Structure formats: C-alpha cells, structure tokens
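Have a look at it first, then read on.

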Amino acid sequence: MVARISLFLPFYLGHVNCYLIKTADGFVLIDTGGTNQRQKLLRQLASCQCSPGKLRLIILTHGDFDHSGNAAYLREHFGGRIAMSPLDQGMIEHRDLTYNRKGTPHFAKPFLPWIYVFGKSDQFIPDIPLYDGTDLTSEGFSATVYSIPGHTKGSVAVLTIGGDLFCGDLLVCRNRVVMNTLLDDREDATASIRKLRNLPAHMVYPGHGKPFPMNDFTKEHF
C-alpha cells in the first residue's frame with residue numbers, strides 16, 4: 001500500500017509529495033515535506049494509522065528542505081531512522097540549499113530561508129547512508145536504492161520489489177512526464193534518466209505531480 005501525501009509549498013509554489021508505505025512491521029515514509037505543513041503531515045499520518053512507534057524508516061530522496069524539513073521531528077517523535085545520501089548532507093549541516101550545488105542561482109540564496117524555513121532544531125545527522133545499490137531489506141523494506149544525480153548530487157531513487165519507483169525530483173508529472181527544469185547538472189540528469197528507464201518498474205512516484213505508469217515515462221523523449 002502506497003499512500004500519497006500532497007503538501008502545499010509556501011508562496012503558492014505548488015505541492016510536494018510524501019509517500020507512506022505499509023510494511024509487515026510498520027511504515028516507511030519517503031520524503032517528509034516542509035516545516036510549513038508539519039501539522040497537515042501529522043494528520044495524514046494519523047489517518048493512515050501511522051502513530052509514534054510505528055514509523056520504522058524515513059527515506060529522503062535528496063536534501064532539499066521541502067523534502068527533508070520534517071525528518072528530525074519525525075525521528076524524535078515517531079522513532080523512524082533517517083536514510084539519505086551523504087552527498088546532500090552538507091545542505092542539512094549548513095542549512096543552505098545552495099551548498100555544493102552549481103545549478104541553484106546564488107543570487108537567490110538570501111531569499112531561500114524565507115521560502116523554506118529550516119531551523120537549527122530541524123537539522124539532523126542521518127542514521128543510514130544511501131549509496132547506489134544500497135539494499136534496504138535489512139531495514140524491513142524490500143527495496144533497492146539507485147543514485148540519480150542531476151537535481152542534486154545526492155539524489156536517489158528507490159525501487160521496491162513490487163515495482164514501485166520513487167524518483168524524487170528528477171522527474172515531474174503535471175500534464176505529462178518531464179525532466180525537472182531545476183537541475184544541478186543536466187548531463188548527470190540525462191544519464192540518470194537513462195538509468196531509470198532500464199529499471200523493472202511498474203509505477204513511478206515523483207516528488208512533484210501525480211504518480212504515473214512506467215510506460216508513460218519510457219515513451220517520452222527528453
């Protein structure tokens with residue numbers, strides 16, 4: 001069971017997706033939304049019977065604060081361990097979305113804290129480092145991690161044994177499936193697109209926009 005939790009971004013910038021997955025002994029949450037929607041996230045978790053003590057794992061597809069903003073809070077109050085790529089950890093450590101990122105205009109840096117609130121209490125050190133090929137079975141989640149740099153250097157995708165592919169912000173789907181225009185490195189993103197096309201997925205769950213069948217992705221030309 002995959003439950004999509006869609007949360008508003010500040011200043012009418014759209015929505016961000018979190019995905020709650022029921023496992024044999026609890027829940028896995030992929031991405032956590034921003035701090036501005038924490039109460040809505042908690043209500044959605046409660047509606048899915050995900051209460052404190054039942055969240056086993058928090059997977060972050062990348063370090064952007066609209067995806068990582070509630071991770072520290074959830075770990076403290078729900079007990080789930082945080083997993084993310086070390087390549088994006090600098091954003092969390094320095095509270096800076098432009099850290100080690102050439103694709104984000106640095107003239108925007110002074111405005112980002114007003115858009116994405118991420119305080120000292122929201123910082124964290126991940127419990128589980130994610131690398132290309134990381135097997136999450138030992139964490140109670142039958143899934144494999146794939147490195148997909150492009151949007152950020154530490155972006156990862158997660159493919160479950162059942163064929164559900166969580167791709168973070170590499171792809172977005174509104175009216176159609178497209179590559180995200182907000183990129184750290186376009187060549188890396190193009191290579192990551194090719195990598196995802198070869199995975200045995202059935203459904204794709206993006207960080208922004210609606211989930212879509214894998215066939216809708218493979219037929220698009222980027």
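## A cluster of rings

Y19, F166 and Y205 are linked into a cluster by ring pairs. Keep in mind that this is a predicted model. In total, the structure holds 4 aromatic pairs.

Take Y19 and F166: their ring centres are 5.4 Å apart and their planes sit at 55°, so this pair is tilted. Y19 belongs to strand β2 and F166 to strand β9 (residues 164-173), so the pair ties together parts that are 147 residues apart in sequence.

The rings of Y19 and Y205 have centres 5.2 Å apart and planes at 75°, so here we have an edge-to-face pair. Since Y19 lies in strand β2 and Y205 in strand β11 (residues 203-209), this pair ties together parts that are 186 residues apart in sequence. Y205, like Y19, is buried.

## Charges over rings

Rings also turn up with charged residues. K22 lies over the face of F27, at 5.3 Å from the ring centre.

## Two nonpolar cores

Which residues touch the most other members of the largest nonpolar core? They are L20, L45, L55, L74 and F124, out of 31 residues in that core. Quite a list of elements gives two or more residues to this core: β1 (2-8), β2 (15-23), β3 (26-30), α1 (38-47), β4 (55-59), α3 (71-78), β5 (81-84) and α4 (89-94). Of these, α3 gives the most, with 4 residues.

Skipping its neighbours within four places in sequence, L74 is in contact with L29, T32, L41, L42, L45, L55, I58, G79 and G80. There is also a second, separate core, made of 21 residues, and L159, A189, I193 and A201 are included in that one.

## A buried glycine in a loop

Where does G33 sit? You'll find G33 in the loop between β3 and α1. G33 has a relative accessible area of 0%, so with a cut-off of under 20% it is buried.

Leaving out residues up to four places away in sequence, G33 touches L7, V16, C18, F65, D66, H67, S68, G69 and N70. Another residue to look for is G207: G33 and G207 are 174 residues apart in sequence, yet 9.7 Å apart in space, C-alpha to C-alpha.

H208 lies in strand β11. With a relative accessible area of 9%, H208 is buried.

What does the side chain of H208 reach? It gets to the backbone oxygen of H15, at 2.6 Å. The side chains of H208 and D169 are also joined, by a polar contact of 3.2 Å. If you don't count residues up to four places away in sequence, H208 touches L9, H15, V16, N17, D66, H67, D169, L171, V172, C173 and R174.

Definitions and conventions
Residues numbered from 1 in each chain as written. Predicted model: local features only at pLDDT ≥ 70, side-chain atom pairs only at ≥ 80, totals over all residues. Heavy atoms only, no water. Core = buried A, V, L, I, M, F, W, Y, C linked by side-chain atoms within 4.5 Å. Buried < 20%, exposed > 50% of the residue type's maximum accessible area, 1.4 Å probe, protein only. Contact = heavy atoms within 4.5 Å. Phe/Tyr/Trp six-rings, centres within 6.5 Å; stacked < 30°, edge-to-face > 60°. Lys NZ or Arg CZ within 6 Å of the ring centre and 35° of its normal. Polar contact = N/O pair within 3.5 Å; in protein donor to acceptor, adjacent residues only side chain to side chain.
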